[in-house]
Amino acid sequence: MWRSRELLKSGAVVVRRRWMSTVMSFGDGSHGALGLPTTTVGIGVDSYEPTPIPSLPSDILTIHAGHYHSLATTSQGHLWAWGRNNEAQLGRGLSGRETWNEPKRVEGLENVKVCAAFASGVVSSAVGEDGSVWVWGKSKRGQLGLGKDVIEAVVPSRVEALSRENIAKVSFGWGHALALTVDGKLFGWGYYADGRIGNMGNDRLESSPLDSAAIAFSNNTQLTSSDLEVAEKKVLQGMKEESNMPIIWEPRLVEELRNVQVVDIACGLDHSLVLCPLKYCLPLSGDGVLLSSGSNVYGQLGRTRQDLGFFPVDIDFTPVSVAAGVGHSLAICELDESDGSDTVGATNIASWGWNQSSQLGRSGPANLPALIDTLDGENPVSVSAGRAHSIALTSKGDMWVWGSGKNGRLGLSSSVDEVEPFYLDSLEGFQILQAVSGFDHNLVLVAE
């Protein structure tokens, strides 16, 4: 039994009750990110419904899904990891694929009380109780933030450029990263093409050369959900062919937002979302509170203004938190009478961007934010985005899923896509504390 007295910096609710917890997983098992033993599903086998991970401690406090691996913190401040480890992102050195699905404690953080963890596909990070940030893994695009040309950290290493800051949250894209401090300052580092982490002192921002390849895919109406992997490979190949990649090797304050108090951040594959209270917005943002930057190939910036850098999303609602998938964006919004709500404190989710597999959960134009009608009256309190699917929790503790069902990533015992949010009834009766998505897998934290 245990008691947490802290706000979970991962975006989960404040926990003040005593209980024991269990982590469940479902979706693509090919990288071991489900953490399920071989006797349960076999190595690399998918799970089509939420399945308990038996080998984790019973006091898990927060969960986080990287692109292909998973992280979990305990009430004692320990960090556990499992899944893909080609880049040493599990924090236990390089290990054979046959052990990827085995959750183990991250090594090298024995003197750090971890309160939150975050990850990309190749890098993992931990935030200490003192606001320190620790990173490990491999990235040629500066995601480690450890200094010029540092592309590998096999053991957790402290990000010294943030040593004077109290960090609350970190978010990773494929090659860039953002960090939010407790007092609302925003730092960025990594690959900075098309302004995805702000201007960073450059007089002239340029579009990423990868965009031309991505546009070819976005204009091909014959693509199916199975082409997502092909699109990703094309982007990765484009990155390999890039020369003189624009990289910020250590975290820097995002200067254009220096006087803006930020309250939430989310990085997609190559775009960023930054949320700030209305009274702290830039003059250029008018009545808006949500800013976006980076690639807009799939309409993931949610704005008609195509300038590079941070500019307001064209949203008519009041966002309170944000999430980003590979090419789509999600925001939980507070509703009022002008939005058709007759309930005080009502919320819904606005979605925009890539909708090839119905990951927006709605029909209509995809390049600008619009509410998901199916969730009207459900009052979502958290939302997470995968590669081509989305999940949400409501104030009643219900979990809803939509988008691509491939590999069982919707937990509905099938591979069928859901064009609108679908209630995940297999979790009925559980007290769900947190739910998060990786690229193709999901984690759910429940109280016992």
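Predicted model: local features only at pLDDT ≥ 70, side-chain atom pairs only at ≥ 80, totals over all residues.
Me: Why is the pair of Y68 and F439 called edge-to-face?

Reply: The ring centres of Y68 and F439 lie 5.4 Å apart and the planes stand at 75 degrees. Rings pair if their centres lie within 6.5 Å, and planes over 60 degrees apart count as edge-to-face. The pair is therefore edge-to-face.

Me: What makes this a link between distant parts of the chain?

Reply: Y68 sits in the loop between β3 (60-65) and β4 (69-74), whereas F439 sits in the loop between β27 (431-437) and β28 (441-447). The two residues are 371 residues apart.

Me: Why is the pair of W174 and F439 called stacked?

Reply: The centres of the W174 and F439 rings are 6.2 Å apart, with the planes at 15 degrees. The cut-off for a pair is 6.5 Å between centres, and planes under 30 degrees apart count as stacked. The pair is therefore stacked. W174 belongs to the loop between β11 and β12, 265 residues apart from F439.

Me: How do you know whether Y68, W174 and F439 are buried or exposed?

Reply: Buried means under 20% relative accessible area. The value is 9% for Y68, 10% for W174 and 6% for F439. Y68 is therefore buried, as is W174, and F439 also counts as buried. Ring pairs link Y68, W174 and F439 into a cluster.

Me: What makes β12 and β13 a strand pair?

Reply: At least two bridges are required for two strands to pair. β12 and β13 have 5 bridges, in the antiparallel sense, and therefore meet that requirement. H176 stands opposite G190 in β13.

Me: Which residues touch the most other members of the largest nonpolar core?

Reply: V170 and V274 do so, within a core of 37 residues. Strands that each supply at least two residues of this core include β7 (114-119), β11 (167-172) and β14 (247-253). β12 gives the most, with 4 residues.

Me: What does V274 touch beyond four places away in sequence?

Reply: Among the residues that V274 touches are L178, L186, I265, V289 and F310. Another core, of 17 residues, lies apart from the largest one, and its members include C333, W352 and L371.

Technical notes: Residues numbered from 1 in each chain as written. Heavy atoms only, no water. Core = buried A, V, L, I, M, F, W, Y, C linked by side-chain atoms within 4.5 Å. Buried < 20%, exposed > 50% of the residue type's maximum accessible area, 1.4 Å probe, protein only. Contact = heavy atoms within 4.5 Å. Phe/Tyr/Trp six-rings, centres within 6.5 Å; stacked < 30°, edge-to-face > 60°.
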